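Good morning, colleagues. Please take a moment to look over the sequence and the model on the screen.

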Amino acid sequence: DGFEETIKYFYKKGGETVYKEVVFFLVQSATEEVKLSFEHIGYAWVSYEDAYKRLTFNNSKELLRKANQFLYKIDS
């Protein structure tokens, strides 16, 4: 409870500008099994450091940093 972050951005699709808003939550899974939807091509379970290195957009890195800080505060 308590973590919710949103990333908003625009991108081009078929010559049109599209507005996208993505909302992120933290969850805990009881299993390592993952079922992918048609929107996804893969997944990986990685450490915070590895996840941060894999990210290319600054807003994604900032979101991951906030999630890590949130989790650290809960564990303290």
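Predicted model: local features only at pLDDT ≥ 70, side-chain atom pairs only at ≥ 80, totals over all residues.

Residues are numbered from 1 along each chain as its sequence is written, and side-chain values use heavy atoms, without hydrogens and water.

Rings of Phe, Tyr and Trp (its six-membered ring) pair if their centres lie within 6.5 Å; planes under 30 degrees apart are stacked, over 60 edge-to-face, and the rest tilted. The count is five aromatic pairs. In one of them, the ring centres of phenylalanine 3 and phenylalanine 70 are 5.4 Å apart with planes at 55°, so this pair is tilted. Phenylalanine 3 lies in the segment before β1 (4–13) and phenylalanine 70 in helix α2 (residues 58–75), so the pair ties together parts 67 residues apart in sequence. Helices (H or I, at least four residues) and strands (E, at least two) are DSSP runs, numbered from the N terminus.

Buried means under 20% relative accessible area, exposed over 50%, and partly exposed in between (1.4 Å probe, protein chains only). Phenylalanine 3 is buried at 9%, whereas phenylalanine 70 is partly exposed at 22%.

Tyrosine 43 and tryptophan 45 form an edge-to-face pair, 6.3 Å centre to centre and 80° between the planes.
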